[in-house]
Amino acid sequence: MPVFNKEKLPILKERMLAKAEAESKAMKMQTERLRAERLEKAKSQALQDAYQFIQAQQGDMNVQATAAMSQTGMEMRKKLIFQRDKCSEKIFQAVRRKLEEFSLSGKEYEEYLKTVFTEVVQNGRFSIKEAIVYISPRDMKYKELFQTVSPELCHIEADDKISIGGFILEEPVRGLLLDETLEEKLNRQKEWFYRSSGFTVEVQF
């Protein structure tokens with residue numbers, strides 16, 4: 001049987017306790033390290049989830065904001081177009097009244113018809129002998145004026161579709177038509193006005 005030295009028992013006991021304490025301490029440190037790693041991983045995942053959630057929310061907000069701004073822009077554009085057309089209509093109603101006054105001015109309007117028709121005749125594009133001049137019923141009193149400018153002219157007819165003044169020259173055989181009515185000139189001015197005046201509608205948002 002082995003013989004134990006009673007004096008060595010306290011030393012062995014102390015060593016065993018020290019070893020157990022060291023192992024316990026190491027286990028605690030390992031446990032703390034694993035807990036810290038898991039906590040850090042959980043924090044990182046939480047942050048990533050939060051970031052993705054914020055990005056998704058921001059995307060939804062951007063879509064909603066864009067849709068709202070687009071709707072607002074369309075409504076603004078409609079209002080501006082309405083205002084533009086309203087202003088334009090007032091402008092051209094005033095111009096039309098001026099043209100109507102001019103067509104009733106007598107000598108001044110007569111000189112205008114003479115000048116324009118003379119230019120057309122001298123241009124030589126139309127065979128006046130084969131042509132027809134259409135004027136408003138009110139302007140039939142200027143029939144002789146056209147015949148004076150071009151004695152070859154044989155056909156002058158009233159056209160109630162010409163409401164302001166001027167004339168239409170047609171050569172049916174060759175299918176030629178020249179619209180020199182004041183209505184047509186007004187329409188050309190409208191086209192020019194919208195194209196060149198800068199009176200356009202642009203909405204930026």
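Visitor: Which residues of H2 are buried?
Guide: This is a predicted model, where local features need pLDDT of at least 70, side-chain atom pairs count only at pLDDT 80 or more, and totals for chains, interfaces and linings use all residues. Residues are numbered from 1 along each chain as its sequence is written, and side-chain values use heavy atoms, with hydrogens and water left out. Helices (H or I, at least four residues) and strands (E, at least two) are DSSP runs numbered from the N terminus, while buried means under 20% relative accessible area, exposed over 50% and partly exposed in between (1.4 Å probe, protein chains only). The buried residues of H2 are Tyr 109, Leu 113, Val 116, Phe 117 and Val 120.

Visitor: Within what arc do the buried residues of H2 fall?
Guide: The buried residues of H2 line one face of the helix. An α-helix has 3.6 residues a turn, so residues three or four places apart point the same way. The arc is taken from the directions from the helix axis to the C-beta atoms, and for the buried residues of H2 it is 95 degrees.

Visitor: Which exposed residues does the face of H2 turned away from its buried side carry?
Guide: The buried side includes Tyr 109 and Leu 113. The face turned away from it carries Lys 107, Glu 108, Glu 119 and Gln 122.

Visitor: How far apart are the end C-alpha atoms of H2?
Guide: The expected span of a helix is 1.5 Å times one less than its number of residues. For the 17 residues of H2 that gives 24 Å, which agrees with the distance in the model, 24 Å.

Visitor: What class of ring pair do Tyr 109 and Tyr 142 form?
Guide: Rings of Phe, Tyr and Trp (its six-membered ring) pair if their centres lie within 6.5 Å; planes under 30 degrees apart count as stacked, over 60 as edge-to-face and the rest as tilted. This rule gives 7 aromatic pairs. With centres 5.7 Å apart and planes at 70 degrees, the pair of Tyr 109 and Tyr 142 is edge-to-face.

Visitor: How many residues apart in sequence are the parts that Phe 146 and Phe 167 tie together?
Guide: Phe 146 and Phe 167 also pair edge-to-face, at 5.7 Å centre to centre and 80 degrees between the planes. Phe 146 lies in helix H3 and Phe 167 in strand S3, so the pair ties together parts separated in sequence by 21 residues.

Visitor: Which residues does Lys 185 touch, not counting those up to four places away in sequence?
Guide: Lys 185 lies in helix H4 (residues 182-196), and at 27% relative accessibility it counts as partly exposed. Contact means heavy atoms within 4.5 Å. With residues up to four places away in sequence left out, Lys 185 touches Tyr 112 and Glu 180.

Visitor: What pattern does the protein follow along the sequence?
Guide: The protein has 4 helices and 4 strands. Read along the sequence, they follow α-α-β-α-β-β-β-α.
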